[in-house]
Amino acid sequence: IFCKWLTVSAPFLGKLLVIPMDGSHWVGMKAIAQEMGRRGHQVTVVIPEISVRMGPGKHYQTVTFPVPYDKAYIDTVISANKGMMSKEALPFMEKMRKGIAKFQKIRRLLLGTAESLLFNDTLISHLQQQGFDAVLTDPMVPTGSLMARKFGKLSLPTINLLRGIPCSLDIKSAGCPSPPSFVPRFFTGYTDKMSFKQRIINTIVALFEPLMCRLLYWHFDQITSEFLGEDTTVAEILSDSDIWLLRLDFASEFPRPLMPNMVLVGGINCNVRNPLPDVSVFNLNRSLVFSR
């Protein structure tokens, strides 16, 4: 009886593998890794030797791997991204040219990072022997999901942290209802209150989402088959995910259907501010009387 009580009452301290994505995506991921490590779990974060924001932390350990680019290339990608976000008046064709060039730079960066990690046999073998209990990753780049499938005989539990994938691959992989008559698509800027014309446009955009996913992930589909040694796709790998942590909140988003394994964690990447001061009911009533 004592042994049974001890097993039930003792806290579970697990081993968590974190495969993050660089840039602003890292902010929320770092907050979770830090908190899990602070609570006593063994957290291992795998990051490239050269990155934009990723680095060591107090409550987790890092494992680095070499990448085929240098800091100068990352600086050019950041510069191109800033240029796209600026509201300078440019002809339509010039905007398209710059947008395609920016997409190519980011694609090469993400592919280079993913291939450097997945095909680093020494590192993969080392991580595979650590006996991780779960993988926390950003499915925008499916590296962590692929490693979870590779490491777990029956697939290692995968927790995704994301804001959303532009072609709605996350929604489809989670099996979540997403009717275009009600749920606006990523680039439309609509809300759930759409006119009849907007619903038609939204439906047309939804019809093109499979093509968009194909353009975004066809290289990763090739990497997936080569890394796992089986004929599968990114969509099939993501469908094995156990928990989807969505960095949004219905206080600032439109309502839409969610699956039971989807959890809203909006604000997780915000700085913690000082709590509001305590105000007694007596002082509050007194101030209201004097204000009149």
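Start by selecting helix α8, residues 196–228 of this predicted model; helices here are DSSP runs of H or I with at least four residues, strands are E runs of at least two, and both are numbered from the N terminus. Its 33 residues reach 45 Å from first C-alpha to last, close to the 48 Å expected, where the expected span is 1.5 Å times one less than the number of residues.

Now centre on Tyr217, where α8 has a kink of about 60 degrees. The bend at a residue is the angle between axes fitted to the seven residues ending there and the seven starting there. Tyr217 is also one of the buried residues of α8, along with others including Cys213, Phe220 and Asp221. Buried means under 20% relative accessible area, exposed over 50%, and partly exposed in between, with a 1.4 Å probe and protein chains only. Step just past the helix to Gly229, which takes a positive phi of about 70 degrees.

Next, show the strands; two of them pair if DSSP finds at least two bridges between them. β5 (residues 158–162) and β6 (residues 243–246) run parallel, joined by four bridges, and Leu161 has Leu245 as its bridge partner. On to β7 (residues 262–264), which pairs with β6 in the parallel sense over three bridges; here Trp244 stands opposite Met262.

Last stop: α6, residues 143–151. Seven of its nine residues are buried, so α6 is largely enclosed by the rest of the structure; among them are Leu146, Met147 and Phe151.

Local features need pLDDT of at least 70.

Note on methods:
Residues numbered from 1 in each chain as written. Predicted model: local features only at pLDDT ≥ 70, side-chain atom pairs only at ≥ 80, totals over all residues. Heavy atoms only, no water.
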